[in-house]
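Here is a brief report on one model. It covers a sheet, a helix pair and salt bridges.

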Amino acid sequence: MTLPDTMAAAVLTGHGGLDKLEYRTDVPVPAPMPGEVLIEVGASAVNNTDINTRIGWYSKAVTTGTSAGGATGFTEITEDDASWSGVALAFPRIQGADVCGRIVAVGDGVSADRIGERVLVRNMLRTPVDYRPYECWTFGSECDGGFAQFATAPARETYAVESDWSNGDLAAIPCAYSTAENMLHRAGVSAGQRVLVTGASGGVGLAAVQLAKRRGAHVIAVCSPAKAEEVVAQGADRAIDRGTDLIAALGHRSVDTVVDMVGGEQAAQLLELLRPGGAYTIAGAIGGPHAHIDLRTIYLNDLRVLGCTFQDDEVFENLIGYIERHEIHPVVSGTYALADIAQAQQDFLAKKHAGKLVLLPPPLAPAARAIPADTMEAAR
């Protein structure tokens with residue numbers, strides 16, 4: 001194919017509200033560096049991390065949940081620590097942790113045989129930090145991501161996938177499902193265990209329900225009553241209203257693992273639910289970053305408290321296998337044109353949907369597909 005010089009992209013110009021997202025059609029198409037591939041993006045998806053990065057929620061100056069500044073941003077952030085990595089974010093930035101697409105060009109050191117592969121990009125990148133343990137970049141945060149017609153990614157972390165799913169369905173996998181699979185992997189969830197999932201109707205929560213059930217666990221889901229039926233349909237053995245006193249409903253020491261994406265003050269009660277030796281896993285705090293907990297609950301019960309960001313290589317590799325063996329399937333509740341990203345994020349923040357919201361970039365002009373090319377140089 002002949003690559004255009006410019007592309008459409010949603011560009012983040014700074015920390016703040018939805019007005020910081022600019023849809024442009026004059027953004028230069030990136031060229032793959034050595035060891036990278038260029039992907040024609042078929043779809044991306046909306047995630048909490050995209051919104052948290054936009055509004056600067058990761059700054060320690062913010063003490064409330066995501067929704068408090070989701071549309072307008074926060075005034076109290078300190079930009080030096082407002083990203084995943086704890087350093088100032090570089091702008092402009094193309095966000096988008098999720099990418100499904102096809103490889104259309106390769107950089108030096110990458111076989112041209114990969115051109116044409118349908119791929120997913122691992123969203124927690126290890127290549128930029130030389131595969132050091134417990135270090136990673138987030139695709140669409142520390143580097144440009146998938147909210148565009150084209151994106152570059154490390155070839156080593158761009159996985160071929162054989163699937164008849166739509167681009168939108170595949171794009172719903174990387175961020176949400178790798179986060180959930182990582183939490184279950186780190187906790188060592190196995191058949192017969194009782195797993196409680198908070199925020200169970202969201203992208204990560206619903207993924208955790210499916211993935212825990214795939215492992216043979218008994219899954220207890222915490223969600224709103226309006227979404228309980230969908231959550232049960234995805235594998236939960238029981239759905240509990242998120243406003244319920246969980247100790248009264250389930251009892252002390254009644255679950256083996258907690259998968260928590262909500263955080264906030266409920267964290268103290270979640271620890272009380274765990275059996276001795278149980279695991280509390282957390283990879284988000286949309287309900288608020290602060291919690292008052294009793295440390296005696298942790299050490300007297302030999303609990304494991306696991307922060308889950310960094311992912312072992314096998315986590316994403318597992319997901320590719322689950323997809324190809326038809327062991328999981330995401331719930332996509334809405335599809336939007338990339339130009340409508342602000343509306344998609346508003347709808348995401350409203351939490352009226354279950355599962356994922358997907359963004360589709362505009363199709364390329366016919367001229368861009370006129371001439372086959374085997375290398376970046378030929379494409380240019």
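## Helix packing

Contact here means heavy atoms within 4.5 Å. The model is predicted. On the α3 side, Ala176, Tyr177, Thr179, Ala180, Glu181 and Leu184 meet residues of α4. Their counterparts in α4 are Gly203, Val204, Ala207, Ala208, Gln210, Leu211 and Ala212. By class, this contact has nine nonpolar, three polar and one charged residues.

Two packed helices are described by the angle between their axes and the distance between the axes. Helix α3 spans residues 174–187, and helix α4 spans residues 203–214. They pack at an angle of about 50 degrees, with axes 8 Å apart. Angles under 35 degrees count as roughly parallel, and 65 to 115 as roughly perpendicular. The helices α3 and α4 are therefore oblique to each other. Their crossing is right-handed.

## The open sheet

Strands of a sheet pair through backbone hydrogen bonds. Three strands form an open sheet here, ordered β2-β1-β4. The pairing is antiparallel. Strands β2 (21–28) and β4 (93–94) are the edges, each pairing on one side only.

Strand β1 covers residues 6–12, and six bridges join β1 to β2. Leu12 has Leu21 in β2 as its bridge partner.

## Salt bridges

The count comes to 15 salt bridges. One of them joins the side chains of Arg122 and Glu157, at 2.7 Å from N to O.

Where do Arg122 and Glu157 lie? Arg122 is in the loop between β6 (118–121) and β7 (124–125). Glu157 is in the loop between β9 (150–154) and β10 (158–160). The pair therefore ties together parts that are 35 residues apart in sequence.

Terms used. Residues numbered from 1 in each chain as written. Predicted model: local features only at pLDDT ≥ 70, side-chain atom pairs only at ≥ 80, totals over all residues. Heavy atoms only, no water. Pairing = 2+ DSSP bridges. Helix = DSSP H or I, 4+ residues; strand = E, 2+ residues; numbered from the N terminus. Axes fitted to C-alpha atoms, helices over the stretch in contact; angles between N-to-C directions. Parallel < 35°, antiparallel > 145°, perpendicular 65-115°, else oblique. Left-handed = near helix turned anticlockwise from the far one by under 90°. Nonpolar A, V, L, I, M, F, W, Y, C, P; charged D, E, K, R; others polar. Salt bridge = Lys/Arg side-chain N within 4 Å of Asp/Glu carboxyl O.
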